Amino acid sequence: MKNFILVIIIALGALVFSSLFVVDEGEKAIVIQFGKVQRDSDNGVTVVFEPGLHFKLPLIDRVIKLDSRIQTLDEVADRFVTSEKKDLIVDLYVKWKIKDFAKYYLATGGYKDNAEILLQQKVNNGIRSEFGTRTISQIVSGERSELMDEAMAQAGDSSDELGIEIVDVRVKQINLPEEVRNYIFQRMRTERDAVAREHRSEGKEKAEFIKANMDAKVTVMLADAERNARKLRGEGDAKAAEIYAKTYTKDAEFYNFLRSMDAYKNSFSSKQDVIVLEPDSDFFKYMKNETGKN
């Protein structure tokens with residue numbers, strides 16, 4: 001009897017334990033009952049269990065726990081075509097969360113990987129549609145924000161059937177395909193080289209003009225300086241002549257004597273100097289004694 005009671009207690013304990021389930025923070029749960037999602041009998045809305053301790057029917061209800069936090073879909077960059085039929089490699093990310101847990105479970109089986117594969121297809125379709133109506137310059141200019149808003153609206157409409165709400169769609173990077181990028185960079189280098197050559201030619205022309213202008217100014221300045229120098233020398237010579245004249249008029253004999261001394265000094269400045277003159281030459285006038293002898 002005691003053993004039977006013990007078995008009953010254990011069975012009741014196991015039954016009670018199996019009827020309890022815990023939903024962790026950041027999760028929500030739905031219950032599958034006879035292969036169908038449990039709904040409220042009054043309004044037919046899916047019963048969603050918030051974080052905490054809850055009860056279920058043992059052996060009948062199956063609890064499916066789903067992550068209710070915002071998720072990030074960040075896949076590899078994909079190729080999109082613009083209205084100009086130009087390819088672009090676009091790297092983007094999507095922020096999403098579960099909106100309708102019943103739809104989400106039925107569409108994806110509750111697996112995040114399945115949800116992201118389906119979601120990426122829908123987001124890419126929306127972005128591809130928006131890219132196809134715009135040029136490259138419109139995409140990379142200020143219209144990018146508008147483009148992302150419209151793409152997010154389209155993707156949001158199509159993702160409703162997955163029970164998913166798209167929170168945000170953002171482009172991280174837009175690149176040209178490798179082969180197109182190399183061609184464009186080469187063309188840009190060629191254009192820049194042509195512009196550089198043009199600037200260098202203009203610079204050389206301006207340099208030659210500046211040099212010629214400066215040479216002309218230097219020539220004029222040198223001519224002015226030479227003219228001023230000659231003028232000053234003429235004025236100096238005239239002044240010196242005036243001084244000599246005044247001195248000569250005061251004492252002509254003494255003036256002649258000084259000039260003769262300067263002539264002697266200049267004539268015999270070196271030991272190798274030789275001069276041949278007649279003895280009675282006026283050059284030796286002041287080197288004769290009173291008797292007229294040298």
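Predicted model: local features only at pLDDT ≥ 70, side-chain atom pairs only at ≥ 80, totals over all residues.
K85 is found in the loop between β7 and β8. Its phi is near 65°, a positive value in a residue other than glycine.

**Loop residues with positive phi**
- K85 has a relative accessible area of 69%, which is over the 50% cut-off, so K85 counts as exposed.
- F34 also has a positive phi, about 60°, although F34 is not a glycine.
- The loop that holds F34 runs between β2 (27-33) and β3 (36-37).
- With a relative accessible area of 70%, F34 is exposed.

**Nonpolar surface patch**
- L20, V22, L53 and F55 make a nonpolar surface patch of about 380 Å².
- Two or more residues of this patch come from each of β1 (20-23) and β4 (52-55).
- L20 is part of strand β1. The relative accessibility of L20 is 30%, so L20 counts as partly exposed.

- Searching the whole structure gives 1 cavity of 30 Å³ or more.
- The largest cavity holds about 90 Å³ of space.
- Its lining has 13 residues, and E75, V76, L92, Q120 and N124 are the ones that lie nearest the centre.
- Elements that give two or more residues to this lining are β7 (78-81), β8 (87-98) and α3 (112-131).
- By residue class, the lining of the largest cavity has 8 nonpolar, 2 polar and 3 charged residues.

Key. Residues numbered from 1 in each chain as written. Heavy atoms only, no water. Patch = residues over 30% accessible without salt bridge, like charges linked within 9 Å, V, L, I, M, F, W, Y side chains within 5 Å. Areas by Shrake-Rupley, 256 points an atom, 1.4 Å probe, with all protein chains shown as cover. Salt bridge = Lys/Arg side-chain N within 4 Å of Asp/Glu carboxyl O. Helix = DSSP H or I, 4+ residues; strand = E, 2+ residues; numbered from the N terminus. Buried < 20%, exposed > 50% of the residue type's maximum accessible area, 1.4 Å probe, protein only. 1 Å grid on protein atoms, 1.4 Å probe; cavity = no way out; pocket = protein on both sides within 12 Å on 5 of 7 lines; lining within 4 Å. Points joined across faces, edges and corners; volume = space filled by probe spheres on them. Nonpolar A, V, L, I, M, F, W, Y, C, P; charged D, E, K, R; others polar.
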